[in-house]
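Please walk through the model below one part at a time. Keep the sequence beside the structure while reading.

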Amino acid sequence: MMENIRLNLVLIVLLGKTGVGKSASGNTILRKKEFKSLNGTNSVTRKSSEKHATVSGRNVSVIDTPGFFDTQMAPEQFMIEIARSVYLSCPGPHAFLIVFPVNNRFTDQEVEIPQIIEMLFGEEVLKYSIILFTHEDQLQKMSVEKLINDNENLKNIVDQCGGRYHVFNNRDENNIEQVNDLLQKIDTMIKQNGGGYYSNEMFEDALRFRQKMEIDKTRKETEENIRTKIQRENNSDYQTRKAAILCNYLRVKHSTIQFSFTCKHQFQ
Ligand SMILES: Nc1nc2c(ncn2[C@@H]2O[C@H](COP(=O)(O)OP(=O)(O)O)[C@@H](O)[C@H]2O)c(=O)[nH]1
Ligand SMILES: [Mg+2]
């Protein structure tokens, strides 16, 4: 686990809605235009991709992901790309940056984002997460601290990530200070997590947990349906036993999804 720190490697995954500045933030961190970042539908990221660079002597990898609530993307496809982001950052990212623009409204949908991330990645994930606010240039002299304290929804979002946040002005490409400060905050978080990273196993646990919940729900509904149907037709013991056998069969039939990605980062 400590190898990553020794090798100076920092693995970062960017998460958030479309248009919040994920790709622009990736470029700011890497200090080069690696990800397409533009207004308009042409620039929308629909695949997770990894880019890396040496930043202040650190080996930094950034994984950009498709936006949450993208109506043009099937939920299954979104899930595959989210899974890919974890595997691209194998053995698992050090930090998830949950991106929000400071100049946007913080609605109930925004407040739900950390919870959705928790549902996708498991309950450990917010320990490895930092809120990244973009568009600092549009704050107009207001401090981000005041913005957070004055807005209950915003405060709620930051609190869910243990109070960790950072601010970027992606228009100020030469500002290395803002990148170094972020790396510093990530280092502190890594230390707080005992040098560990969010692992593929945690993702697979979350995946299994979600699948189990879905399977349990479907199974319960199917069992209920069968039971009601059979009880309606005939209430004898024999029919009830037959229903139990059928329910058992359904239990066995459900299979789990397997993702097969290979680990890019090898540590010797
Ligand atoms: N003024 C300003 N614009 C930004 C900032 N960050 C991103 N943008 C712009 O916001 C738009 C969406 O950014 P993009 O990185 O494509 O968002 P993504 O969909 O989350 O990847 C682009 O036009 C960016 O240039 C920022 O800090 N300040
Ligand atoms: Mg993008």
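A residue is near a molecule or strand if its C-beta atom, placed from the backbone, lies within 6 Å of it. By that rule, 23 residues surround ligand 1, and the closest are Gly-21, Ser-23, Ala-24, Ser-37 and Asn-170. This is a predicted model, in which local features need pLDDT of at least 70 and side-chain atom pairs count only at pLDDT 80 or more, while totals for chains, interfaces and linings use all residues. Residues are numbered from 1 along each chain as its sequence is written, and chains are lettered from A and ligands numbered from 1 in the order in which they are written.

The shell around ligand 1 can be sorted by class. Ala, Val, Leu, Ile, Met, Phe, Trp, Tyr, Cys and Pro count as nonpolar, Asp, Glu, Lys and Arg as charged, and the others, Gly among them, as polar. On this count the shell has 15 polar, four nonpolar and four charged residues. Helices (H or I, at least four residues) and strands (E, at least two) are DSSP runs, numbered from the N terminus. Helix α2, residues 22-30, gives the most to the shell around ligand 1, with three residues.

Next comes the chain as a whole. The protein chain has nine helices and six strands. A residue is buried if 20 or more other C-beta atoms lie within 10 Å of its own, exposed if 12 or fewer, and partly exposed in between, with C-beta atoms placed from the backbone. Of the 268 residues in the protein chain, 31% are buried. Two residues are in contact if their C-beta atoms, placed from the backbone, lie within 7 Å. Among contacts between residues at least 6 apart in sequence, 74% join residues at least 24 apart.

What is a nonpolar core? The term means a set of buried Ala, Val, Leu, Ile, Met, Phe, Trp, Tyr and Cys residues joined through C-beta atoms within 7 Å. The largest one here has 50 residues, and those with the most contacts inside it are Ile-12, Leu-97, Ile-98 and Ile-131. Not counting residues up to four places away in sequence, Ile-131 touches Ile-98, Phe-100, Ile-157, Val-158, Cys-161, Arg-164 and Tyr-165.

Phe-100 counts as buried because it has 22 C-beta neighbours inside 10 Å. Leaving aside neighbours within four places in sequence, Phe-100 is in contact with Gly-16, Val-20, Glu-110, Ile-131 and Phe-133. The C-alpha atoms of Phe-100 and Gly-16 are separated by 6.9 Å, although the two residues are 84 residues apart along the chain.

The buried residues of α4 are Glu-110, Ile-113, Pro-114, Ile-117 and Phe-121. An α-helix has 3.6 residues a turn, so residues three or four places apart point the same way. How far should the 14 residues of helix α4 span? The expected span of a helix is 1.5 Å times one less than its number of residues. For α4, residues 108-121, this should be 20 Å, and the end C-alpha atoms are 20 Å apart, which agrees. Helix α4 also has a kink of about 30 degrees, centred on Pro-114; the bend at a residue is the angle between axes fitted to the seven residues ending there and the seven starting there. Just after α4, Gly-122 takes a positive phi of about 100 degrees.

The loop between β5 (129-134) and α5 (144-150) includes His-135. His-135 is not a glycine, yet has a positive phi of about 65 degrees. His-135 is partly exposed because 19 other C-beta atoms lie within 10 Å. Lys-141 is also found in the loop between β5 and α5, and it has a positive phi of about 70 degrees although it is not a glycine. With 4 C-beta neighbours inside 10 Å, Lys-141 counts as exposed.
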